[in-house]
Amino acid sequence: MGKPLLYLDVDGVLNPVFPHPDGDFDTHTLLGYSVLLSPRHGDWLRELADHYALVWATTWEERANEHIAPLLGLPELPVVVFSGYVPQPGDPRVPLMELFSATKWAPILRHAQGRPFAWVDDCIPPRLVRRSVLRADRLLLPVDPAQGLQREHVDRLLRRPPSRAWPNPWAC
């Protein structure tokens with residue numbers, strides 16, 4: 001089996017809202033938006049790429065390859081497409097209160113196709129995080145959108161990457 005997948009969000013993770021002043025962030029205007037990016041994040045993601053297959057899981061979708069990846073020194077990455085996603089038979093049911101925060105869940109599960117994965121995002125429903133805690137095949141890491149990705153997240157991802165797939169990859 002290959003490397004586990006690592007699903008990466010952009011806004012709130014690589015583009016924090018209120019980063020620490022020592023965070024080494026540069027301001028970029030991309031698609032009319034002000035985006036804060038740190039070369040440190042690029043270093044960390046290249047380090048993680050030794051252990052994970054990186055995948056964009058962001059509403060930037062393919063635009064992350066065009067605009068974000070070059071600024072972080074990353075190659076073109078696979079992309080999970082969320083826009084226009086049509087629910088399919090077998091998708092996990094999402095409670096009404098989580099419709100917004102869980103919109104990425106079914107497309108990520110479909111993309112993973114049973115492979116072990118980690119998901120780093122600022123908008124992961126707490127219920128999904130709780131349900132994943134005892135699973136060896138997935139790691140869900142919520143990130144504070146004010147500060148974004150921190151070294152502690154990277155260390156956690158490196159310490160114990162997700163490993164074996166469970167018999168039912170669609171189970172929540």
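Reader: Which residue of S6 stands opposite Ala-118?

Author: This is a predicted model, where local features need pLDDT of at least 70, side-chain atom pairs count only at pLDDT 80 or more, and totals for chains, interfaces and linings use all residues. Residues are numbered from 1 along each chain as its sequence is written, and side-chain values use heavy atoms, with hydrogens and water left out. Strand S5 (residues 117-121) pairs with S6 in the parallel sense over five bridges; two strands pair if DSSP finds at least two bridges between them. Opposite Ala-118 stands Leu-139.

Reader: Which strands stand at the edges of the sheet?

Author: Strands are DSSP runs (E, at least two residues), as are helices (H or I, at least four), numbered from the N terminus. The open sheet has the order S4-S1-S5-S6, with parallel pairing. Each edge strand has a single partner, so one side is left without a neighbour in the sheet: S4 (53-56) and S6 (138-142).

Reader: Is Ser-38 buried or exposed?

Author: Ser-38 sits in the loop between strand S3 (33-37) and helix H1 (39-48). Buried means under 20% relative accessible area, exposed over 50%, partly exposed in between (1.4 Å probe, protein chains only). Ser-38 has 1%, so it is buried.

Reader: At what angle do H1 and H5 pack?

Author: Axes are lines fitted to C-alpha atoms, for helices over the stretch in contact (heavy atoms within 4.5 Å). Angles run from 0 to 180 degrees between N-to-C directions. The two axes lie 11 Å apart, and the angle between H1 and H5 is about 5 degrees.
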